[in-house]
Amino acid sequence: MHVPINVAHWYIGIFIVLLIAVRSFVVAKRNHNSLNNILGIASFTFILCLLVYGIPPLFTTNSEILTKTIIIGDFLQFMALFWVWVAVSHIYAPNSNIVKYIIIIADLMIIAIGMIFSISSNLLNPVTMTQLPSGEWSLNFAFSLGYQIITAIQYLSLIILASRFILDGVRVKSGLQRTRLWGTAIGFYLIGGFYAIRPIIGNESSSDVQNQILIIGLVITGIMVGATILLKYIQNNREQLK
């Protein structure tokens, strides 16, 4: 089994995003909240993306297989972020179907362009797995400037969503809920912000630094969401004992 260390955030992300998906679907079912349902769909699609990205490198170094799975993973990533944009449109323009349709159509066009960049760059520069002198494995794949720009646009949805969490945190009375909202927002800012500025910084920063930034963002988000689930469980048990 080969674990590519330069994309460790994929494997950590699977468990973190699973927490977000579970919480979103549970809240959606309990409160009949369409927004949480949309976020649940986005999270579930992201899990599929990370599985497609991360599972094949564990078992094969075949360049053709890895190239195809990276392209499929790119599509799933774009679709996950499409659902985040849908959530953003519901939050900021809840009563305007026109705005929602514009965002949906525009994002589908952006996804189509992004896939052109993904397919062309990956076919021109196939994905490879290399073993480092230390014995660890590294996954090497190309992403053009065009692909980075499209990815940056897509990840802006996380930044906009995080900004709403900050505003909601100001309004709520519960300090615990405020901490959860702000903590989750910080995680989203780190992840979305990294991808948003990547077209500017390019490949100047090392893969280790990039990996660490994304892991920190994922861990912060996971702690906040996990703590919410745990505290809700404790609260429900206390209510049942009364």
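Start by colouring the model by confidence. Helix α7 (residues 207-241) has the lowest mean pLDDT among the elements of the protein, 70, and helix α3 (residues 63-92) has the highest, 95. The score pLDDT is the predictor's confidence in each residue, from 0 to 100. Helices (H or I, at least four residues) and strands (E, at least two) are DSSP runs, numbered from the N terminus. Over the protein, the mean pLDDT is 86, and 90% of the residues reach 70 or more.

This is a predicted model, in which local features need pLDDT of at least 70 and side-chain atom pairs count only at pLDDT 80 or more, while totals for chains, interfaces and linings use all residues. Residues are numbered from 1 along each chain as its sequence is written, and side-chain values use heavy atoms, with hydrogens and water left out.

**The whole chain**

Switch to cartoon view. Look for seven helices and two strands. Follow the chain from the N terminus: the elements run α-α-α-α-β-β-α-α-α.

How much of the protein is buried? Of its 242 residues, 45% are buried. Here buried means under 20% relative accessible area, exposed over 50%, and partly exposed in between (1.4 Å probe, protein chains only).

Now think about contacts, meaning heavy atoms within 4.5 Å. Take the contacts with a separation of 6 or more: residues 24 or more positions apart account for 72% of them.

**Stop one: α1 and α2**

Select residues 8-31, helix α1, and residues 34-59, helix α2. Their axes come within 8 Å and cross at roughly 160°. The axes are lines fitted to C-alpha atoms, for helices over the stretch in contact, and angles run from 0 to 180 degrees between N-to-C directions. So α1 and α2 are roughly antiparallel to each other. Angles under 35 degrees count as roughly parallel, over 145 as roughly antiparallel, 65 to 115 as roughly perpendicular, and the rest as oblique.

Which hand does the crossing of α1 and α2 have? It is left-handed. A crossing is left-handed if the near helix is turned anticlockwise from the far one by less than a right angle, and right-handed if clockwise.

Colour the contact of α1 with α2 by residue type. Its residues divide into 20 nonpolar, seven polar and one charged.

**Stop two: α2 and α3**

The axes of α2 and α3 come within 8 Å and cross at roughly 165°. That makes α2 roughly antiparallel to α3. The residues of the contact of α2 with α3 divide into 24 nonpolar, five polar and one charged. The crossing of α2 past α3 is left-handed.

Zoom in on A42, in helix α2. A42 counts as buried because its relative accessibility is 4%. Which residues does A42 contact, leaving aside neighbours within four places in sequence? They are A80, W83 and V84.

**Stop three: T67**

Move to T67, in helix α3. T67 counts as buried, at 6% relative accessibility. Show N122, L123, P126 and V127: T67 touches these, not counting residues up to four places away in sequence. Then draw a distance to Y53, which is 14 residues from T67 in sequence and 9.9 Å away in space, C-alpha to C-alpha.

**Stop four: α3 and α5**

Hold α3 and bring in helix α5, residues 145-171. The axes of α3 and α5 come within 9 Å and cross at roughly 35°. This crossing of α3 and α5 is left-handed. The residues of the contact of α3 with α5 divide into 16 nonpolar, five polar and two charged.

Within α5, select I159. Leaving aside neighbours within four places in sequence, I159 is in contact with Y189, G192, G193 and A196. A185 lies 26 residues from I159 in sequence and 8.0 Å from it in space, C-alpha to C-alpha.

**Last stop: S138**

Finish on strand β2, residues 137-140, where S138 has its place. Is S138 buried or exposed? At 10% relative accessibility, S138 counts as buried. S138 touches P4, N6, T128, M129, T130 and L132, not counting residues up to four places away in sequence. P57 is 81 residues from S138 in sequence and 9.4 Å away in space, C-alpha to C-alpha.

How values were computed: Nonpolar A, V, L, I, M, F, W, Y, C, P; charged D, E, K, R; others polar.
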